[in-house]
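Let's take a walk through a protein together, one stop at a time. Have the sequence and the 3D view ready, and find each spot as we get to it.

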Amino acid sequence: MTEKEKMLAGELYKSWDEELIMERSRAKQLTYQLNQTKDTEDHYRKQLIQDLFGTIEGEMGLEPPFYCDYGYNIHVGDGFFANYNCVFLDVCEIRIGRRVLIGPNVQLYTATHPMDRETRASGLESGRPITIGDDVWIGGSAVINPGVTIGENVVIGSGAVVTKDIPPNVFVAGNPAKEIRRVD
């Protein structure tokens with residue numbers, strides 16, 4: 001397997017692989033251009049996001065600045081909106097449903113590192129995908145950790161750190177995030 005194939009499969013891989021370095025450089029160039037756009041350049045912003053993201057279904061909005069590793073692993077549904085200063089570390093897929101609202105400073109991390117000291121010291125890393133269902137609202141400065149699946153109609157409180165899967169129709173908050181109550 002290539003290092004990219006290992007990365008996408010969630011296996012340990014070498015992030016310093018030449019192909020991956022070039023792909024991250026491409027994403028950095030696109031996000032730099034995106035982050036330099038003016039409010040009046042909506043059409044140009046949309047084109048840059050289309051060039052960056054893997055798939056976009058329908059209408060969406062994103063307020064710069066925005067940062068990601070590769071971009072092509074990000075897939076968003078119709079009605080997606082992300083506010084200022086979001087970071088999506090997309091070494092594995094990030095799948096976001098329809099009508100998902102993401103507050104400012106939200107971080108989605110698919111990237112992870114080995115717990116074993118020797119393996120971690122080797123520089124190898126891996127990732128686990130994130131899936132977010134339809135009609136989710138993620139409050140500002142929340143962090144979604146690797147491998148998390150968030151069910152439909154979930155509200156995540158500002159500053160929450162989501163470390164495990166969240167079932168549908170709940171409000172979660174805290175660090176680590178815990179279910180507070182059911183929502184309609």
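Start with a pair of residues that face each other: Phe-171 stands opposite Arg-181, which belongs to strand β19. Keep in mind as you look around that this is a predicted model.

Strand β18 covers residues 170-173, and it pairs with β19 in the antiparallel sense, over 4 bridges. The two strands form a hairpin with 4 residues between them, and in this hairpin Gly-174 takes a positive phi near 100°. Is β19 tucked away or in the open? Strand β19 runs over residues 178-182, and of its 5 residues the number buried is 0, so the strand lies largely in the open.

For a contrast, go to Thr-110. You'll find Thr-110 in the loop between β9 (107-109) and β10 (111-112). Its relative accessible area is 0%, and because buried means under 20%, Thr-110 counts as buried. What sits around Thr-110? Leaving out residues up to four places away in sequence, Thr-110 touches a list of residues that includes Leu-89, Asp-90, Val-91, Cys-92, Ser-126, Arg-128 and Pro-146. Two of these neighbours also line up with polar atoms of the Thr-110 side chain. The backbone oxygen of Leu-89 lies 2.6 Å from one such polar atom, and the backbone nitrogen of Val-91 lies 2.9 Å from a polar atom of that side chain.

Cys-92, one of the residues touching Thr-110, takes us to the next stop: the cysteines. A disulfide is a covalent bond between the sulfur atoms of two cysteines. How many disulfides does a search of the whole structure find? The count is 0.

Last stop: the UniProt record. An unreviewed UniProt entry lists residues 4-58 as "domain: Maltose/galactoside acetyltransferase". In this model that span is 62% helix and 4% strand, and its end C-alpha atoms lie 28 Å apart.

Key:
Residues numbered from 1 in each chain as written. Predicted model: local features only at pLDDT ≥ 70, side-chain atom pairs only at ≥ 80, totals over all residues. Heavy atoms only, no water. Buried < 20%, exposed > 50% of the residue type's maximum accessible area, 1.4 Å probe, protein only. Polar contact = N/O pair within 3.5 Å; in protein donor to acceptor, adjacent residues only side chain to side chain. Contact = heavy atoms within 4.5 Å. UniProt positions renumbered as here; feature names shortened; annotations may be inferred. Disulfide = S-S within 2.5 Å. Pairing = 2+ DSSP bridges.
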